[in-house]
Amino acid sequence: MRLTVIGTGYLGAVHAACMAEIGHEVLGVDTDARKIEALAAGRAPFFEPGLPEILVRNIRSGRLRFTMSLQEAADFADLHFVCVGTPQRPGSLSADLSHVEAVVDGLAPLLTRDSLIVGKSTVPVGTTRSLSRRLAAAVRPGVEVQVVWNPEFLREGFAVRDTLHPDRLVVGATTPDGDRLLREVYAPMLQAGVAYVSTDPATAELVKVAANSFLATKISFINAMAEVCDASGADVVTLADALGHDERIGRRFLSAGLGFGGGCLPKDIRAFLARAEELQVSEAVSFLRQVDRINERQRRRTVDLARHLLGGSFAGRRVAVLGATFKPDSDDVRDSPALAVTAEITAQGADVRVHDPEGIDNARAALPGPEYHRDVVEACRDADAVLHLTEWRQYRELDPAQLAQVVRAPRMLDARNALDQAAWHEAGWHVRALGRPVHVPQPGQGEALRVTIPHALGAGCTAPMAGEPVSGVPK
Ligand code: UGA
């Protein structure tokens, strides 16, 4: 089939390449000239494992092209995927739909044949209906254009795999024709047995928002438990493992630590709160305010624990930060918890050296203050403390004994609960983590001695961080 993918960010670039990979003829469209130039040359404009390979392969085969022209898109195909961003509106919790609306407004008058617009962006429930009205007013007489919602569930870092092998496809169409066309698009996946949920547009829109809200709630739940663990001497990692054995609960998304960030979960729960208020059901989702607050508090608690580890002040202390992106295997620093902590400890007087395997350029652009290093050892040299803030695999592979020779003092805050804390402890490190009892180095004791310091973090955890985005839920 011939189709276009409008918006070539993390979602659209991957979707375009994957649609070509399963055999379609695809035209990717974006208003960003640099992005289009890179993609057309087979270069991914961001880090996503596996994307460069399928880009190059499909550009070479002639199935994948890129353009900045909506006219070319309208001429090329009758099925248009919309993958543009829906960021949080500044000063508000709601989603900014202006990019989606601009695509519809721009494309509608150019369409000369009956067409299907398929929304993939995450939008508030009710968007398909309002876009359909908007379209009806803008299309040429005699041309019929239908809007269908087909949300995307890919994760950054696994985007290619998630797009080619999704765990479900959800399509919200208003006519059998819309549904039939989407079944054709995804035929190879349906043949492979992927679940296909055919529904109305409102349900499709809501599935995505509900899925992200559920994931965010799961993370904040375990982070709330981490706080209880800190107050009681319990261990949140063992707690999560034990909870996870219950198949009804499951272990995934129960990793306690610095909390969630990125371009999706935080803004999606806020946009859901805003939409629920419009629908006069804010009480039903008011728990999401708490989910957001718990998540923001993890950043402050991490800063407090780091300061505690340093004896009460960051002033003049050298701190190495491992990880700047919002999660590993991505170069995305949007609403990155790691970068928020870095900004705060810099503001509190620390001399910060940041390492990240892929995110340094984006991090430096977002936060120019700290020194950035492409070498982990250099970032850690003479550090008074090391903060492990994003759980890249290479940090788990560090040799704690070797790194202990490089730092000024072997203090480690594992804010992702991802390191082998006993191994670091045995190599002489004083290891701290949210929700876990303290490892205190005891030379000659062999087995790690676990000493519980009940609730070392206290009242200080509630103060807002300097430079904290005003975008969060009002306190
Ligand atoms: C998320 C969803 O997982 C995708 O299904 C969805 O399609 C996507 O948003 C989107 O709306 O586009 P993503 O933002 O790539 O995907 O990242 P996740 O893997 O969900 O992680 C989000 C954040 O939660 C990260 O900062 C991660 O470090 C944190 N996290 C995750 C935890 O703190 N604990 C966990 O146990 C799991």
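By class, the shell around the ligand consists of ten nonpolar, four polar and seven charged residues, where Ala, Val, Leu, Ile, Met, Phe, Trp, Tyr, Cys and Pro count as nonpolar, Asp, Glu, Lys and Arg as charged, and the others, Gly among them, as polar. The model is predicted, so local features need pLDDT of at least 70 and side-chain atom pairs count only at pLDDT 80 or more, while totals for chains, interfaces and linings use all residues. Residues are numbered from 1 along each chain as its sequence is written, and side-chain values use heavy atoms, with hydrogens and water left out.

Of the 21 residues around the ligand, those that come nearest are Phe-153, Leu-154, Glu-156, Asn-212 and Phe-326; a residue is near a molecule if one of its heavy atoms lies within 4 Å of it. Helix 10 (201-232) and helix 12 (265-278) each supply at least two residues of this shell, and the largest share, four residues, comes from helix 10. Helices are DSSP runs (H or I, at least four residues), numbered from the N terminus.

An N or O atom in the side chain of Asn-212 is 2.8 Å from a ligand oxygen atom, and for the side chain of Arg-416 the corresponding distance is 3.3 Å. At Gly-259, a backbone N or O atom lies 3.5 Å from an oxygen atom of the ligand. The protein covers 89% of the 720 Å² of accessible area that the ligand has on its own, as given by the Shrake-Rupley method with a 1.4 Å probe.

The domain assignment, which is automatic or from a database, gives domain 1 (2-199) and domain 2 (225-475). Both domains give residues to the shell around the ligand, so the ligand lies between them. Their C-alpha centres lie 35 Å apart. The contact (heavy atoms within 4.5 Å) takes 17 residues from domain 1 and 24 residues from domain 2. Together the domains bury about 1,600 Å², 55% of it on carbon and sulfur atoms; buried area is the accessible area (1.4 Å probe) that two parts lose on being put together, summed over both. Phe-47, Leu-93 and Glu-156 supply 42% of the area that domain 1 buries against domain 2, more than any other three residues.

Note on methods. Polar contact = N/O pair within 3.5 Å; in protein donor to acceptor, adjacent residues only side chain to side chain.
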